[in-house]
Amino acid sequence: MNLIVVIAVLAAFALLRFRRANLLLGAAVWWAGIYALFRFGFTAPIPSSVISLYMGIVSIAILTYVTSSQERRDEVARPLIRLMTERRYAPFLGAAIIAIPALAAANVYVQMNVPIEPPFFPRTVHPASPPEITVRDKRIDLDAGENPFLPLASSNPDEYRKRVESGRRTYYRNCVFCHGDTMAGNGMFVHGLDPIPTNFTDQGAIAMLRDTFLMWRISKGGPGLPEEGGPWDTAMPAWEKFLTEEEMWEAVLFLYDFTGQKPRAKEEHAKQ
């Protein structure tokens with residue numbers, strides 16, 4: 001918790017209680033104080049969507065309280081009626097009439113012009129894969145293995161193209177929504193992802209990785225990432241729950257074929 005913010009909010013609530021302020025002012029202070037706690041009171045930032053959800057609940061609760069009796073409704077209405085009927089408050093009323101829609105329009109403008117870019121995370125972008133994984137009860141050697149369909153490119157080109165085509169179908173049925181039609185990380189769901197998906201067309205992306213690395217990332221998804229890669233705020237699912245091993249290897253094959261790249265060759269370890 002951010003103690004400075006928490007103490008400041010509690011002090012405002014205590015002062016409000018001590019001064020016995022008008023109910024309308026009290027409701028406004030309570031709303032602003034709770035928002036400040038959600039927005040700035042926690043060390044780990046809370047997503048804006050969650051804050052909006054909580055503040056909607058808070059707004060309904062405060063509105064219910066201030067309208068729960070005729071006495072409270074009258075207390076809230078008195079300063080509003082004075083603002084709208086007394087001549088001396090006319091400048092303030094005019095300012096409010098201009099400011100409220102202007103602030104709403106400014107908020108919409110800002111939200112529409114937020115650039116789409118991956119946020120900075122102090123993490124390892126490509127953490128080391130484990131030496132082996134188990135997918136659907138089958139052990140896969142990530143260090144010494146390779147895509148079992150890759151040799152077909154030279155030994156059986158027709159079968160290789162069939163496997164690539166099968167990978168294409170798997171990709172466009174499951175992956176395109178986030179990674180995009182052109183694999184540039186610009187799918188239709190990208191606005192809801194933080195960080196955005198990897199741009200596979202970048203020469204510094206999958207060309208620098210083993211195909212077994214991609215198999216690991218696809219099969220295990222975000223939940224299968226190691227601590228060294230944290231914090232991993234990713235929506236990548238563990239596809240082994242939905243796809244067969246064969247479908248995942250074919251999808252990897254298609255990724256490289258579509259982008260015109262080749263997986264990084266495995267290192268040859270010197271004999272001791």
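These are my notebook entries on a predicted model of one protein chain.

**Entry: overall layout**

I started by counting elements, and the protein chain has 10 helices and two strands. Reading from the N terminus, I wrote the order down as α-α-α-α-α-β-β-α-α-α-α-α. Next I looked up burial: of the 272 residues in the protein chain, 30% are buried. Taking contacts between residues at least 6 apart, I get 61% that join residues at least 24 apart.

**Entry: the cores**

Which residues have the most contacts inside the largest nonpolar core? I noted Ile 140, Tyr 171, Leu 214, Met 248 and Leu 255, in a core of 30 residues. Strand 1 (132-135), helix 7 (157-174), helix 9 and helix 10 each give two or more residues to this core. Helix 10 gives the most, with seven residues. Apart from this core I found another one of 14 residues, and Val 5, Phe 13, Ala 27 and Val 76 are among them.

I then clicked on Leu 214 to see its neighbours. Leaving out residues up to four places away in sequence, Leu 214 touches Ile 206, Leu 209, Val 252, Leu 255 and Tyr 256.

**Entry: helix 9 against helix 10**

Helix 9 covers residues 211-220 and helix 10 covers residues 245-259; they pack at an angle of about 125°, and their axes are 10 Å apart. The crossing of the two, helix 9 and helix 10, is right-handed.

For the contact itself, helix 9 brings Asp 211, Thr 212, Leu 214, Met 215, Ile 218 and Ser 219, while helix 10 brings Glu 245, Met 248, Trp 249, Val 252, Leu 255 and Tyr 256. I sorted the residues of this contact of helix 9 with helix 10 by class: eight are nonpolar, two polar and two charged.

I also checked the loop between helix 9 and helix 10, where Lys 241 sits. Is Lys 241 buried or exposed? Lys 241 has a relative accessible area of 63%, so I put it down as exposed.

**Entry: helix 7 against helix 10**

Helix 10 has another partner that I looked up. Helix 7 and helix 10 pack at an angle of about 100°, and I have their axes 7 Å apart. That angle makes helix 7 roughly perpendicular to helix 10.

From helix 7, the contact takes in Tyr 160, Arg 161, Arg 163, Val 164, Ser 166, Gly 167, Arg 168, Thr 170, Tyr 171 and Tyr 172. From helix 10, the contact takes in Glu 246, Glu 247, Glu 250, Ala 251, Leu 253, Phe 254, Leu 255, Asp 257 and Phe 258. My class tally for the contact of helix 7 with helix 10 reads nine nonpolar, three polar and seven charged residues.

Cross-checking the lists, I see Leu 255 in the contact of helix 9 with helix 10, in the contact of helix 7 with helix 10, and among the residues with the most contacts inside the largest nonpolar core.

**Entry: Phe 177**

Phe 177 lies in helix 8 (residues 176-179). Its relative accessibility is 29%, so Phe 177 counts as partly exposed. Which residues does Phe 177 touch, not counting those up to four places away in sequence? I found Gly 187, Met 188 and Phe 189. For Gly 187 I also noted the C-alpha distance to Phe 177, which is 4.8 Å across 10 residues of chain.

**Entry: positive phi**

I went looking for positive phi in residues other than glycine. Arg 136 has phi near 50° and belongs to the loop between strand 1 and strand 2 (138-141). With a relative accessible area of 47%, Arg 136 is partly exposed.

Met 183 also has a positive phi, of about 65°, and lies in the loop between helix 8 and helix 9. The relative accessible area of Met 183 is 0%, so I marked it buried.

**Entry: Gly 41**

My last stop was the loop between helix 2 (23-40) and helix 3 (48-66), where I picked out Gly 41. Gly 41 counts as buried, at 0% relative accessibility. What is the C-alpha to C-alpha distance between Gly 41 and Asn 2? I wrote down 4.8 Å, for a pair 39 residues apart in sequence.

Definitions and conventions:
Residues are numbered from 1 along each chain as its sequence is written. This is a predicted model: local features need pLDDT of at least 70, side-chain atom pairs count only at pLDDT 80 or more; totals for chains, interfaces and linings use all residues. Side-chain values use heavy atoms; hydrogens and water are left out. Axes are lines fitted to C-alpha atoms, for helices over the stretch in contact, and angles run from 0 to 180 degrees between N-to-C directions. Helices (H or I, at least four residues) and strands (E, at least two) are DSSP runs, numbered from the N terminus. A crossing is left-handed if the near helix is turned anticlockwise from the far one by less than a right angle, and right-handed if clockwise. Contact means heavy atoms within 4.5 Å. Ala, Val, Leu, Ile, Met, Phe, Trp, Tyr, Cys and Pro count as nonpolar, Asp, Glu, Lys and Arg as charged, and the others, Gly among them, as polar. Buried means under 20% relative accessible area, exposed over 50%, partly exposed in between (1.4 Å probe, protein chains only). A nonpolar core is a set of buried Ala, Val, Leu, Ile, Met, Phe, Trp, Tyr and Cys residues joined through side-chain atoms within 4.5 Å. Angles under 35 degrees count as roughly parallel, over 145 as roughly antiparallel, 65 to 115 as roughly perpendicular and the rest as oblique.
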